Amino acid sequence: MRSRFGGALAFGGFAAGWAGAAAGADTPYAASGGDPTLLALFAERFEFTLKQLPELGAHLASLPQIVGGRTALLLAGIVVAGLLAEYVARLLLGHVRRRVIDRLVGHSPLRAFALALVLDALAVVALAVAARAVVGRLGDPQGMAGQLGHQIFLALLYWRGFNLVFRAFLRPANPEGRIAPVDDAAARGLLIALNLVIVLPLLGANIAPALARTGLGDEAVGAAVIFYAPLIALGLIWVVWRWRDEMAAWLAAMVPEHRIGRQLKLDAARRWWMAGLAFYAAMGCIAVYAAVAERHTAARGMTTIEGALIALLLFETLMHRLTRHIVSELPMAGDVVADCLRLIARLYVLIVIADALMVRVLGAMTAAEWQVHDRDAKVAAISLVAIYAFWRFLRFRMDSYIAANPLPSAAAAAEPEDEVRVAASRLRTLMPLLRAVAGITIFVIGGLMVLSQLGVNITPLIAGASVFGLAVSFGSQSLVRDIVSGVFFLAEDSFRIGEYVDCSKVKGTVEGFSVRSLKLRHQNGQLHIVPFGQVGHITNFSRDWTVLKFNLAFAPGTDVELLRKTAKKIGLDLMEEPTLKPIIIQPLKMQGVVDIKDSQLIVRFKVMARPKNPSQIQRLAIRRMYDTFPALGIRFAVPMFPMAMAGAAPQQPAAALPPTVPPRAAPTPTNDSTPAAATAVKAAD
């Protein structure tokens, strides 16, 4: 797992560096640099540029004579020979590539991706060799033909390099090795779209230098940029609109299912094209402005932003491919590492975009002035990554503990014969609350630290939060009372999840709690939510031990001493059973005769046990008595005057009847967590 994510991080840095190199290249709208003009001179410059149209037209008409037929064929041959060599190499290596992907994609997708990328890179190497061979036929490298050939060679290599990366992610003909979460048709369309996003600006970046190398003046080159830059922008806008659904499917497929704000992220992914249209429209306007005002830094800044966003998209896609097998709601260690890497990449791209906007696009700061803010932003980013990593790993450990120690469910506790835990541990009970408190604390303190490192004065924020807290405490006294009472109840370990408690007004099994209220489930199914401020006292029936008492009725003349000895023997036998030995603390014994009424001898029994499932012990004890007493001559009480129904068969004498009347024991609640001792004592009283 470590090597897999390390490789992903390395590839993310490679892609970001490549995008940065792309941003550093000439933009599609750059003719020559210069200081920005005033708004008053803009119209004058635009009018002067329009006067260069005749010169531009004459130069374009004379290009065949300037370049020459042989040079033009060699320039076209650079592109043809390079693409042909790449195609042949790709065909020869296609079988090997498919074998590599089929063999490794199942258990090592990152390794399969890297090896396939290397094989595709060999095809680009073949392109470079073939194209370079044609460039060498142009003669003097310092001449016009040599410079044009070298420019076309670099542009071709630049385009096919990006095509290499896009093809590695989309794999239109090989869905098994595809990294992007799209189908075959969408993969083919997106490969075309991404290539157009590279090729169209690349054409604009090379038309202006090529015209300048053929002898066209700077003013006429600026006029040419003014005319073709809007056409390139319209082409990019058409690309965004044409493949908006395919890209929306790509983005939406990478939205996690069990995360906060999923619906908002899905809506943003489906409507990404709005931002795309606005971005390329602004890019076209800035291109025209750069040509008119002779200020190309703004256009280069937009290109930097575009390259950073493309690199971030590829990195996010790769991380999604590596973590999409994690289907559990509980985050795994790999998912935590992936989220930290995503945060690092996003913060880096955010800093790059801020640099491009403030220095190049808007011109709000010079490069020297931005250095101070750039350093502060990087320090704040490092702090934010450290804080986020600490919180994610802390939450991962907490979630792992919660998953390893599940709470006793109400359905399981309702089955008295099941071996279930009655109550959770104190740490398991407090863990959800500790997780929430830790998250809020880390978020507040970390947020203040990051803002302070960014140069924001946090003193007013702290003072405002203090005043707000004071106002809330005065305006919500009952809420404060509930929270404070709950803190003390939890600190004193008054209850745990799964325990049966009595809160003076209501009673039931603790199902959960929040910072201000307690949730109790009654044995009949009702759920009581009691604010801590209204809890006068708590009686916990599920701590340490409980005394279970119950009464049975016997026939007159029963040998009480024999009954006592037999009950004691039954109690000792119960303690020897493996399932009951950890539960029973003191064996079953007879306390004595408590009453005589209706010709019945009322005898009380008791047993001390742990408050896990006392009703089970009572049922087993009565069952043993029912099976043992008749053989020893100990008879349970029977009705003295049975009523015969009309038409019923004559009843046998009472002396001949077996002791089938069930023993009269104190009623026990259906919830296993309810101690039978409390019910039996009430019945005895």
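Reader: Which residues form one aromatic cluster here?
Author: The cluster is made up of Phe550, Phe554, Phe605, Tyr626, Phe629 and Phe636. Rings of Phe, Tyr and Trp (for Trp, the six-membered ring) pair if their centres lie within 6.5 Å, with planes under 30 degrees apart counted as stacked, over 60 as edge-to-face and the rest as tilted. By this rule there are twelve aromatic pairs.

Reader: Before we go on, what sort of model is this, and which pLDDT limits apply?
Author: This is a predicted model, in which local features need pLDDT of at least 70 and side-chain atom pairs count only at pLDDT 80 or more, while totals for chains, interfaces and linings use all residues. Residues are numbered from 1 along each chain as its sequence is written, and side-chain values use heavy atoms, with hydrogens and water left out.

Reader: OK, back to the rings: how are phenylalanine 550 and phenylalanine 605 arranged?
Author: Their ring centres are 5.8 Å apart and their planes are at 25°, so this pair is stacked. Phenylalanine 550 belongs to strand E6 (residues 546–554) and phenylalanine 605 to strand E8 (residues 600–609), so the pair ties together parts that are 55 residues apart in sequence. Helices (H or I, at least four residues) and strands (E, at least two) are DSSP runs, numbered from the N terminus.

Reader: And phenylalanine 554 with phenylalanine 605: what is the geometry there?
Author: That pair is edge-to-face, because the centres are 6.3 Å apart and the planes are at 65°. Phenylalanine 554 is in strand E6 and phenylalanine 605 in strand E8, so this pair ties together parts that are 51 residues apart in sequence.

Reader: Are phenylalanine 554 and phenylalanine 605 buried or exposed?
Author: Both phenylalanine 554 and phenylalanine 605 are buried, and phenylalanine 550 is buried as well. Buried stands for under 20% relative accessible area, exposed for over 50% and partly exposed for what lies in between, with a 1.4 Å probe and protein chains only.

Reader: Switching topic, at what angle do helix H8 and helix H9 pack?
Author: Helix H8 (residues 184–213) and helix H9 (residues 218–242) pack at about 175°, with their axes 10 Å apart. That makes H8 roughly antiparallel to H9. Axes are lines fitted to C-alpha atoms, for helices over the stretch in contact, and angles run from 0 to 180 degrees between N-to-C directions; under 35 degrees counts as roughly parallel, over 145 as roughly antiparallel, 65 to 115 as roughly perpendicular and the rest as oblique.

Reader: Which residues in H8 and H9 meet?
Author: Among them are Leu196, Leu200, Gly204 and Ile207 in H8, and Val225, Tyr228, Ile232 and Trp238 in H9. Contact here is heavy atoms within 4.5 Å.

Reader: What about alanine 377, where is its place?
Author: Alanine 377 lies in helix H15 (residues 367–404), and it is buried, with a relative accessible area of 18%. Apart from its neighbours within four places in sequence, alanine 377 is in contact with Ile351 and Leu454. Its C-alpha atom is separated by 9.7 Å from that of alanine 354, 23 residues apart along the chain.

Reader: One more: what is phi of arginine 171?
Author: Phi of arginine 171 is near 45°, a positive value in a residue other than glycine. Arginine 171 sits in the loop between helix H7 (144–170) and H8, where it is buried, with a relative accessible area of 6%.
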